[in-house]
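Hello,

Here is the structure I promised to pass on to you. Have a look at it first, and then read my notes below.

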Amino acid sequence: MLNVFIFAADLKNLPFMMIRYLSLDHCIVYLFLLLIAVVGWYVGRKNKDITEYAIANKMFGTLVLTITLLATYVGGATTVGQAANVFSDGIILTVVSIFSCIPLLFTALFIAPKVDNLKGCITMGDVMGKFYGELGRITTGVIGAIYALLIIAIQVGALGCVNQALLGIKASTGMIISGVIMVFYAFYGGIKAVTITDVIQFAVLIFMIPLIAFVATDHVGGARALMNKVPAEKFIIWGHEKFYYYAVIFIVWCVFPTFALNPPMVQRILMGQSKQQVRRVFLISAVFIPFFIIMMMFIGLSALASAPEIKANVALPHLVNKLFSVGIKGLVVAGLLAVIMSTGDSFLNAGGVLLTHDVVKPICDKKNKVINELKLTKYLTLVVGIVSICLSLLSEDLIKVSFWAASLFGSTITLPFIVGVLGLRTDAKSFFTAFWVTVATFVVASLYLASEKAYLAPLFSTLANGISFFGMHLVQHQGIALAHADEAAAWKRRWQHLRKQFIKALPTPENLLQYCQRETKEVAPRPFSFIVFCLFYYFIAYAVWALQKTPYNSAPFMLGVIALVLWTGLLGKKFWPEHLQKYFPVYWYACLFYCLPF
């Protein structure tokens, strides 16, 4: 009888519930999720084989490949987690995270030139099998799939948190709805669906995150007011109470390229059409990441300055709820969901492919069993996705487990992968000796280190892997042995080329002069058009200042006067002495850099 009354009460409140969940913000998010599902289904409906499902037959250009790489790299931890961490611990994580571009630069400079040696590989397990045999391939597939499973579960949990904090949808319901849509297009359409949906998701992300950062900073009175309102201890680096913790994170995650060479990121390398394309993709991504991290810093600090009493984990949702009106809020929520889903779907695709191609297929080949690899990959991708959703619903401490899984994967697999790609002579004995030494070190460190020192376990295991791997290599080969006799000469040429590129990139007066002369030769300067353009916008700015009664001895007015003086130099180019004419390109670019920010 009681259940009947409860059901009747729910029916009575049903109209109000329908109105609540059919608001403009909710409808925008529903349409976004529907768009992602439809696009993912449409672009991925004609996969013919496992190569097309895993790396899309290398069909994507540089722009699309860069976008899917960035969308994979930027996830829930980089957005909601980064803002929460800045709120609680200050800017120290921002400083560390800015250097996360180092692994991307390393990949661009040292891994990308070796891409031609990885032809025929479609997964990280394929590459490891090439260097360490079938057992090395299977080991990579198993550990990589477990790692991917846990990362997906974390992203699904983040989807639920965003839905609950910003839309009022129960966390478990948000996990199921958003997670099922992500699993649907990823398992059905493969990497083509993941890539194209990543492009849509990144388009939303690249607009929404700067918008949140700008509005949040403006809400507290601008950047200068923000710095004054935030407690001074939030800007401490060297004397921070968690300095050694963040130093370990810097070593393990930034100096050592653990995250930049996980299964989905290696998949992006293998999707490249050439080594030049892979190099460009990772270089562009390395330039973008620091700007994104800085925007998240401003969001976290703005939340702290405006509402220091809230919990750190709701810093970003609090700002969105407080600052954005109906409609805009829905777009912002869609942007946050896009950030999280773009990482989850990449790991989902990589995990399913690893499980089939690098674990099941080698075992079936040994037993002479023929399988439909494409169909099995789809089914196992679906299984990985469903298990991830179930883990998110059942577990409350996935972040810690995922951290250990990521640390174990990085310390056991990443170094052997790097040295194999770079041309060191490899063998299964070195790999598995280092593997078991690393696992033992990791387990012992995790069990016996005090809880406040547990963060040292990844560092110890990474050091153990390097020492044991190279120690075994030196014992076996009586020194450093390269896979090919001409590898040493190739490395020497590579270092000389990098040295020349580095010297050429230094902002010396001569390099700047040559750059400006080269650029102005391709596109001739148009000083008169530029001055007309500036005058128009300067006039608007001065009209606004006049309405605000800005005095004519103010800083903006004086800066405008300086611009006027610079323009006379542009218009009087033909009167320049002949020996100074070659410096006009430098003067032109100096005027651009000075005037355009206004």
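Aspartate 126 and arginine 137 meet through their side chains in a salt bridge, at 3.7 Å from N to O. The term salt bridge stands for a side-chain nitrogen of Lys or Arg within 4 Å of a carboxyl oxygen of Asp or Glu. Before going on, please keep in mind that this is a predicted model, in which local features need pLDDT of at least 70 and side-chain atom pairs count only at pLDDT 80 or more, while totals for chains, interfaces and linings use all residues. Residues are numbered from 1 along each chain as its sequence is written, and side-chain values use heavy atoms, with hydrogens and water left out.

Are these two partners buried or exposed? Aspartate 126 has 13% relative accessibility and so counts as buried, and arginine 137 is buried too, with a relative accessible area of 9%. (Buried means under 20% relative accessible area, exposed means over 50%, and partly exposed is in between, with a 1.4 Å probe and protein chains only.)

Arginine 137 also forms a salt bridge with aspartate 358, at 3.0 Å from N to O. Because aspartate 358 lies in helix α15 (residues 328-366) and arginine 137 in helix α8 (residues 124-167), this pair ties together parts that are 221 residues apart in sequence. Helices here are DSSP runs (H or I, at least four residues), as strands are (E, at least two), and they are numbered from the N terminus. Aspartate 358 is buried, like arginine 137. A network of salt bridges links Asp126, Glu134, Arg137 and Asp358.

How many salt bridges does a search of the whole structure find? The search finds 6. One of them joins glutamate 52 to lysine 192, whose closest N and O atoms are 2.8 Å apart. Glutamate 52 belongs to helix α3 (residues 50-55) and lysine 192 to helix α9 (residues 171-219), so this pair ties together parts that are 140 residues apart in sequence. Both glutamate 52 and lysine 192 are buried.

Now to the rings. The structure holds 23 aromatic pairs. Rings of Phe, Tyr and Trp (its six-membered ring) pair if their centres lie within 6.5 Å, and planes under 30 degrees apart count as stacked, over 60 as edge-to-face and the rest as tilted. One of the pairs is phenylalanine 432 with phenylalanine 435, which is edge-to-face, with 6.4 Å from centre to centre and 70 degrees between the planes. Where do these two residues lie? Both are in helix α18 (residues 428-448), 3 residues apart, which is about one turn of the helix. Phenylalanine 432 is buried at a relative accessible area of 16%, and phenylalanine 435 counts as buried at 7% relative accessibility.

Another pair brings together tryptophan 576 and phenylalanine 584: their ring centres are 5.4 Å apart and their planes are at 75 degrees, so this pair is edge-to-face. Phenylalanine 584 is buried, with a relative accessible area of 3%. There is also a cluster, in which ring pairs link Phe131, Tyr132, Phe431, Phe432, Phe435, Trp436, Phe469 and Phe470.

The charged end of lysine 378 sits over the ring of tyrosine 188, 5.2 Å from its centre. (A charge sits over a ring if NZ of Lys or CZ of Arg is within 6 Å of the ring centre and within 35 degrees of the ring normal.)

Next, two spots in the loops. Lysine 58 is not a glycine, yet it has a positive phi of about 55 degrees. Lysine 58 is found in the loop between α3 and α4 (62-73), and at 33% relative accessibility it counts as partly exposed. Asparagine 368, also a residue other than glycine, has a positive phi near 60 degrees. Its place is the loop between α15 and α16 (373-394), and with 70% relative accessibility asparagine 368 counts as exposed.

Finally, take a look at glutamate 519, which is in helix α21 (residues 509-522). Glutamate 519 is partly exposed, with a relative accessible area of 23%. The C-alpha atoms of glutamate 519 and proline 585 are separated by 8.4 Å, and the two residues are 66 residues apart along the chain.

Enjoy exploring!

Best wishes
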